[in-house]
Amino acid sequence: MIDILETPFFLNEHFESIQGEGNYAGANSLFLRFHFCNLTCSWCDSKFTWFGNERNYVEYSSNQIKAIITSHQAPHIVLTGGEPTLYRLDKLVVANKKFHVESNGTFIPTEPLEIAVRENLTIRRDAMNEAIISQFNWVISPKLSNARQKLNDRSLRFWAQTSYSIFKFVVRNTDDINEVETIVNKFSISSFKVYLALEGQTLESQLKPSLVDEIVKRGYNYSPRLHVMLWGMQRGK
Ligand code: SF4
């Protein structure tokens with residue numbers, strides 16, 4: 001078995017674009033997409049980060065990733081995946097950039113982690129420094145039952161209580177909105193933290209005013225998916 005201690009960081013790709021979703025939609029951003037995920041969502045649109053045994057990632061040290069960040073002009077840095085909390089994200093901070101994390105919310109970053117991500121590959125990391133990561137904008141996306149994944153009650157309670165996170169849910173219909181409401185009530189999530197985006201891979205899928213009306217009626221925020229509207233499912237956007 002290969003044991004990975006803290007580093008390297010396995011990066012699948014990086015690219016500049018706009019943040020498509022959430023509370024910073026439209027922000028000029030550099031995306032760092034980390035490889036591997038602890039879930040296997042049925043509709044995952046980035047399966048290339050975890051499916052199969054291809055070595056389609058590059059190993060970097062924290063200093064090498066910082067060099068990538070500083071070589072780009074984008075003021076916002078989006079740490080995504082895969083599941084980025086498999087890695088010590090607090091080691092990647094550089095000055096004058098705003099950091100964002102897109103996570104499925106199944107891990108608590110201030111706790112150490114050890115997880116087998118593939119046969120013969122275990123990732124270990126220490127707890128992240130909360131003083132650092134509390135400066136990040138955390139976008140937590142728990143998966144609804146349509147993804148066929150289990151929620152982690154303990155970690156969702158953590159994220160519901162933090163002041164530095166928002167929740168983003170992807171919904172297809174009012175049944176999904178009802179499911180969001182159940183989760184929001186169960187974990188006492190403030191509705192000002194809740195953003196709902198529409199599922200789909202085409203511009204047409206994003207133009208459903210009656211569903212947005214329903215989101216507004218329930219007291220939640222609507223998140224566009226600008227990258228889907230502009231570029232569909234094109235990679236690197
Ligand atoms: S958590 Fe995200 S990256 Fe992981 S399988 Fe689900 S949709 Fe894909």
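Among the 46 residues of the largest nonpolar core, the members that touch the most others are Leu32, Phe34, Leu79 and Leu196. Such a core is a set of buried Ala, Val, Leu, Ile, Met, Phe, Trp, Tyr and Cys residues joined through C-beta atoms within 7 Å. The structure is a predicted model, in which local features need pLDDT of at least 70 and side-chain atom pairs count only at pLDDT 80 or more, while totals for chains, interfaces and linings use all residues. Residues are numbered from 1 along each chain as its sequence is written.

- Leu32 belongs to strand β3 (residues 28-34); strands (E, at least two residues) and helices (H or I, at least four) are DSSP runs numbered from the N terminus.
- Leu32 has 25 other C-beta atoms within 10 Å and is therefore buried (buried: 20 or more other C-beta atoms within 10 Å; exposed: 12 or fewer; partly exposed: in between; C-beta atoms are placed from the backbone).
- Apart from residues up to four places away in sequence, Leu32 touches Leu11, His14, Ile65, Ile77 and Leu79, where contact requires C-beta atoms, placed from the backbone, to lie within 7 Å.
- Leu32 and Gly81 are separated by 49 residues in sequence, and their C-alpha atoms are 7.7 Å apart.

- Strand β11 (residues 194-198) is largely enclosed by the rest of the structure, because 5 of its 5 residues are buried.
- Val194, Leu196 and Leu198 point one way from β11, whereas Tyr195 and Ala197 point the other way.
- Strand β10 (residues 165-171) runs parallel to β11 and is joined to it by 5 bridges; strands pair if DSSP finds at least two bridges between them.
- Phe167 has Val194 in β11 as its bridge partner.
- β10, helix α4 (residues 174-186) and β11 form a right-handed β-α-β unit (right-handed: with the strands pointing away from the viewer, the path from the first strand over the helix to the second runs clockwise).
- β11 also pairs in the parallel sense with strand β12 (residues 221-222), over 2 bridges, and Tyr195 stands opposite Asn221 in β12.
- From β11 the chain passes through helix α5 (residues 209-217) to β12 in a right-handed β-α-β crossover.

**Surroundings of the ligand**

- The residues around the ligand include Cys37, Cys41, Cys44, Gly81, Glu83 and Lys143, a residue being near if its C-beta atom, placed from the backbone, lies within 6 Å.
- The shell around the ligand contains 4 nonpolar, 6 polar and 2 charged residues (nonpolar: Ala, Val, Leu, Ile, Met, Phe, Trp, Tyr, Cys and Pro; charged: Asp, Glu, Lys and Arg; polar: the others, Gly among them).

Note on methods: Two residues are in contact if their C-beta atoms, placed from the backbone, lie within 7 Å.
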